[in-house]
Amino acid sequence: MRLYVLAALAALHGPLAWGEARVSICHGYSCIAQAEIWYSAERLGEVRRLLAGASDAEEERARLAQVVGLLYRWAGEQSVVRNDRAGNYADGHVPGKMDCIDHSTSTTRLLAMLERAEMLRWHRVLAPDVRYFLGVFPSHWSAVIEENAAAVPGRFVVDSWFVNNGEPAVILPLAEWKKGAGPDV
């Protein structure tokens, strides 16, 4: 009976601490299309080993940048998101292009998968956040994590929109990102 309950929970709430996982990755701008991506137990084991090697929150963020890139690279092996390029204009009109809404939604889903599998030791996943142009117009969205090991929790964006598919995500303090920090794309 216990095994049945665990299997039912995994089906309803994503992966447990072991096994495979499925995650929907948005593309086409504003999540107009989604690709169901399967991550094998072997690949998630690789991710677990990468993240488990972190000795503190700062190192976990550095490794998390690599892991997010890796998860998107694997997603690109199974879907058209392999065509996505940094920003909104470098990929032209190819299928699989992603805007910041696609990235913030999908990266949050990937981070939540890691969190549910208990792979994050020093961070928790928050809802995506937005920065504004001229303080009024929403101009860019990103996934957000919060350090849970600090006396004063720091918040950070995990922004895969700044990079080509499969490259490490950009992780910046949320306050700096809100002021416009990030690579030019």
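**Close-up views of helix packing and nonpolar cores**

**View 1. Helix H2 passes helix H3 in a right-handed crossing.** The model shown here is predicted. Helix H2 spans residues 41–52 and helix H3 spans residues 57–78; their axes come within 9 Å and cross at roughly 165°. Because angles over 145 degrees count as roughly antiparallel, H2 is described as roughly antiparallel to H3.

**View 2. Residues at the contact of H2 with H3.** Helix H2 contributes Arg 43, Glu 46, Val 47, Arg 49, Leu 50 and Leu 51. From helix H3 come Glu 60, Arg 63, Leu 64, Val 67, Leu 70, Leu 71, Trp 74 and Glu 77. Sorted by class, this contact has eight nonpolar and six charged residues, with no polar residues.

**View 3. The largest nonpolar core, with 32 residues.** Those with the most contacts inside this core are Ile 25, Tyr 39, Leu 71, Leu 111, Met 113 and Leu 114. Two or more residues are given by each of strand E1 (21–27), strand E2 (33–39), H2, H3, helix H4 (100–116), strand E4 (137–147) and strand E5 (155–159). The most are given by H3, with eight residues. In soluble globular proteins, nonpolar side chains tend to be buried together.

**View 4. The surroundings of Leu 114.** Leaving aside residues up to four places away in sequence, Leu 114 touches Val 47, Leu 51, Leu 64, Val 67, Leu 71, Met 119 and Leu 120. Among these, Val 47 and Leu 51 of H2 and Leu 64, Val 67 and Leu 71 of H3 also take part in the contact between these two helices.

**View 5. A second, separate core of 11 residues.** Its members include Cys 100, Val 157, Val 163 and Leu 174.

Definitions and conventions: Residues numbered from 1 in each chain as written. Predicted model: local features only at pLDDT ≥ 70, side-chain atom pairs only at ≥ 80, totals over all residues. Heavy atoms only, no water. Axes fitted to C-alpha atoms, helices over the stretch in contact; angles between N-to-C directions. Helix = DSSP H or I, 4+ residues; strand = E, 2+ residues; numbered from the N terminus. Parallel < 35°, antiparallel > 145°, perpendicular 65-115°, else oblique. Left-handed = near helix turned anticlockwise from the far one by under 90°. Contact = heavy atoms within 4.5 Å. Nonpolar A, V, L, I, M, F, W, Y, C, P; charged D, E, K, R; others polar. Core = buried A, V, L, I, M, F, W, Y, C linked by side-chain atoms within 4.5 Å. Buried < 20%, exposed > 50% of the residue type's maximum accessible area, 1.4 Å probe, protein only.
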